[in-house]
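Please keep the sequence and the model at hand while reading.

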Amino acid sequence: MAGTDPRTRHLWRPYTQMQTEAPSLVAVETEGARIRLADGRWLIDGIASWWTACHGYNHPHIVAAMRHQLNVMPHIMFGGLTHEPALALGARLAGILPGSGTDVTLEHVFFCDSGSVAVEIALKMAVQYWRNKGEEERCRFVAFRNAYHGDTMGAMSVCDPDDGMHTLFRGYFPEQIFVDLPHGSAGLADFESLLARHRNEIAAVIIEPLVQAAGGMKFHDAEILAAIGAACSRQNILFIADEIATGFGRTGTLFACGEADIVPDIICIGKALSGGAVSLAATIASRRIFDAFLSDEDSTALMHGPTYMANPLACAAANASLDLFEDGERLQQVASLEEFFRDALDPCRSLQGIADVRVKGAIGVVQMEQTRHMGWLRQRFIEEGVWVRPFGDIVYLMPPFIVTNEQRAALGDAVVTVMREWSKKPG
Ligand SMILES: *Cc1c(COP(=O)(O)O)cnc(C)c1O
């Protein structure tokens, strides 16, 4: 049976209690929105491999671009050298990120290999920005409860303080300032007065715009996001948007900041950047940030440089992925998925034990009142022929945008069927 391979014990898995969790299934092949397991079963993918595979798997256009790059030059160091895939990608990103075409364009692109590292770079960029301006004490960050920004040290320090990691690693990383996402005018006024009080020690505010993803798929309105951005600029505090989960159409606009019509000082992208083909991320700064690093001194240069940064193969995949966004079809697919999820997940609302059902772009969420029967839930979804991984108190769908109508119907039906059984399960 799949998963009983004795070599499996050598593989230490993510966030996994290795003593009790069921062994991993073995995946052997992908195609469109489907995954084939070693035992021959095909599953319809409801979560696009951690929200990356927005065009589905093995998209022929991305495969062809990577194949070409693989033959020509799969990798070259980025110190002192550059290459066409990075030149093209940097310029194209500058042309589509929030603010493009205005005088506050996000136009200075620093490539790296993973989202967490893109966040580390954003934090370092913000701290060094203030140091270069002579404001050395400004090295703390304001972050929001339920936030998730990654697993490396700096990124962890701006994740939700109560979700476990802060207690586990207490003493290991810097303490940041945490607030609830403000709502209403009183909440926003409190938020701004906190910024004003701590202004001299705060480097930046960091937020996942519109959707706090791994912290429980919690949504906030574009108006709140815009008001937070405006408070930062009034208080002269940098504003970092972590669009690693929301970027590339997931929330309905190409970037979530676009819906609020705001331009952050620094933006982080990753996950769907390469269309799910290979690891790539980037931190992009506005001219105001970039200019603060320019001087005659080496000491004001941005101090970061991953070995594989701007890997040509990954940049080629990302360029091909951007091609696939160009005709606008992807955003139409997201709009259509949003409409579909509203109807398809609605029956979950009336089930016992369900706290909330919410939809935003190509994200459909069913939130439970209590986390229970998680192992059973995961198992049942596989039996239903879908790949859906509940976490925390939620079951969610974030499929590839290209799912067919039959596939999305199967995903919706599976969630309703399984949650109906779950709601009747004692204990
Ligand atoms: C996934 C994610 C990260 C971390 O990205 P990795 O590639 O897993 O390091 C950071 N921020 C957000 C909002 C994410 O969703």
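Predicted model: local features only at pLDDT ≥ 70, side-chain atom pairs only at ≥ 80, totals over all residues.

Which backbone atom does the side chain of Q407 reach at 3.0 Å? The side chain of Q407 reaches the backbone nitrogen of T404.

**Overall form**

- The secondary structure of the protein comprises 14 helices and 16 strands.
- The radius of gyration is 22 Å, close to the 22 Å that the globule rule gives for 427 residues, so the protein is as compact as a globular protein of that length.
- Along the principal axes, the C-alpha atoms fill a box of roughly 65 × 55 × 45 Å.
- Of the 427 residues, 52% count as buried.
- The protein exposes about 19100 Å², and carbon and sulfur atoms supply 53% of this area.
- Among contacts between residues at least 6 apart in sequence, 71% join residues at least 24 apart.

**Residue Q407**

- Q407 belongs to helix α14, which covers residues 405–424.
- Q407 has a relative accessible area of 14%, and it counts as buried because this value is under 20%.
- When residues up to four places away in sequence are left out, Q407 touches A33, R34 and I44.

**Aromatic pairs**

- A pair of aromatic rings is described by two quantities, the distance of the centres and the angle of the planes.
- The structure holds eight aromatic pairs.
- In one of them, the rings of W51 and Y396 have centres 6.2 Å apart and planes at 85 degrees, so this pair is edge-to-face.
- W51 lies in helix α1 (residues 48–51) and Y396 in strand β16 (residues 394–397), so the pair ties together parts that are 345 residues apart in sequence.
- Both W51 and Y396 are buried.
- F248 and F255 also form an edge-to-face pair, with 5.2 Å from centre to centre and 65 degrees between the planes; F248 and F255 are both buried.
- Ring pairs link W51, F391 and Y396 into a cluster.

**Arginines over ring faces**

- R358 lies over the face of F219, at 5.6 Å from the ring centre.
- R372 lies over the face of W422, at 4.5 Å from the ring centre.

**Residue L254**

- L254 is located in the loop between β10 (238–242) and α9 (256–260).
- Its relative accessibility is 22%, so L254 counts as partly exposed.
- Apart from residues up to four places away in sequence, the residues that L254 touches include I96, F248, F325 and L331.
- L254 and V142 are separated by 112 residues in sequence and by 26 Å in space, C-alpha to C-alpha.

**Positive phi angles**

- Most residues other than glycine have a negative phi.
- M217, however, has a phi near 50 degrees, a positive value in a residue other than glycine.
- M217 lies in the loop between β8 (211–212) and β9 (218–219).
- With a relative accessible area of 0%, M217 is buried.
- D261 also has a positive phi, near 55 degrees, and is likewise a residue other than glycine.
- D261 is found in the loop between α9 and β11 (266–269).
- Is D261 buried or exposed? At 70% relative accessibility, D261 counts as exposed.

Note on methods
Residues numbered from 1 in each chain as written. Heavy atoms only, no water. Helix = DSSP H or I, 4+ residues; strand = E, 2+ residues; numbered from the N terminus. Buried < 20%, exposed > 50% of the residue type's maximum accessible area, 1.4 Å probe, protein only. Polar contact = N/O pair within 3.5 Å; in protein donor to acceptor, adjacent residues only side chain to side chain. Contact = heavy atoms within 4.5 Å. Phe/Tyr/Trp six-rings, centres within 6.5 Å; stacked < 30°, edge-to-face > 60°. Lys NZ or Arg CZ within 6 Å of the ring centre and 35° of its normal. Rg over C-alpha atoms; globule rule 2.2 N^0.38 Å. Areas by Shrake-Rupley, 256 points an atom, 1.4 Å probe, with all protein chains shown as cover.
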